[in-house]
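I opened my notebook to look up a few residues and a cross-link. Here is what I am working from.

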Amino acid sequence: QVQLVESGGGLVRTGGSLTLSCAASGDRFKTYAMAWFRQAPGKERKFAASITWRSDIIDYSDYARGRFIISRDVAKNTAYLQMDDLKPEDTAVYYCALDTRIQTAFRSPDTWEYWGQGTQVTVSS
């Protein structure tokens, strides 16, 4: 099994910044890709950004593009999500996901193999 632990969430004002971290651990696994999703109360879980581990291919949702930056530290098996110019509509629980398999449906939450517990991000106006 693979365990994912998110950190870095909190309360910020509109226009502020946060950086989320997701550390992966387990026995004998190889990361193919990691991603960030977010879910507001009563809403569907939605894709934010993804990154592949070996080729460093990045994909962003429309709301994340230009404001969020996804990155990874291969040695630490950790993914990051730097979020700038935050808005109240960014308020949600942010989840980290990991897959060991080659797959291209990065924007669908149904295809991801492992999930973290989530970290709350709240943006006040």
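My entries follow, one topic at a time.

**The model.** I am reading a predicted model.

**The disulfide.** I began with the cysteines. How many disulfides does the count come to? I got one disulfide. Cys22 is joined to Cys96, and the S to S distance is 2.0 Å. I then looked up where the two partners sit. Cys22 lies in strand β3 (residues 18–26), and Cys96 lies in strand β9 (residues 92–99). They are 74 residues apart, so I noted that this pair links distant parts of the chain. I also checked the handedness. The link of Cys22 and Cys96 is left-handed, with -85° about the S-S bond.

**Ser50.** Next I turned to strand β5 (residues 46–52), where I found Ser50. Ser50 has a relative accessible area of 1%. I call Ser50 buried because that value falls under the 20% cut-off. Which residues does Ser50 contact beyond its neighbours within four places in sequence? I listed Met34, Ala35, Ile57, Ile58, Asp59, Ile70, Phe106 and Trp112.

**Thr119.** My last stop was strand β11 (residues 119–124), which holds Thr119. Thr119 is buried, with a relative accessible area of 10%. I followed its side chain and found that Thr119 reaches the backbone nitrogen of Gly9 at 3.2 Å. Leaving out residues up to four places away in sequence, Thr119 touches Glu6, Ser7, Gly8, Gly9, Leu20, Ala92, Val93 and Tyr94.

Technical notes. Residues are numbered from 1 along each chain as its sequence is written. This is a predicted model: local features need pLDDT of at least 70, side-chain atom pairs count only at pLDDT 80 or more; totals for chains, interfaces and linings use all residues. Side-chain values use heavy atoms; hydrogens and water are left out. Helices (H or I, at least four residues) and strands (E, at least two) are DSSP runs, numbered from the N terminus. Buried means under 20% relative accessible area, exposed over 50%, partly exposed in between (1.4 Å probe, protein chains only). Contact means heavy atoms within 4.5 Å. A polar contact is a pair of N or O atoms within 3.5 Å; within protein, one must be able to donate a hydrogen and the other to accept it, and residues adjacent in sequence count only if both atoms are side-chain atoms. A disulfide is a pair of cysteine sulfur atoms within 2.5 Å.
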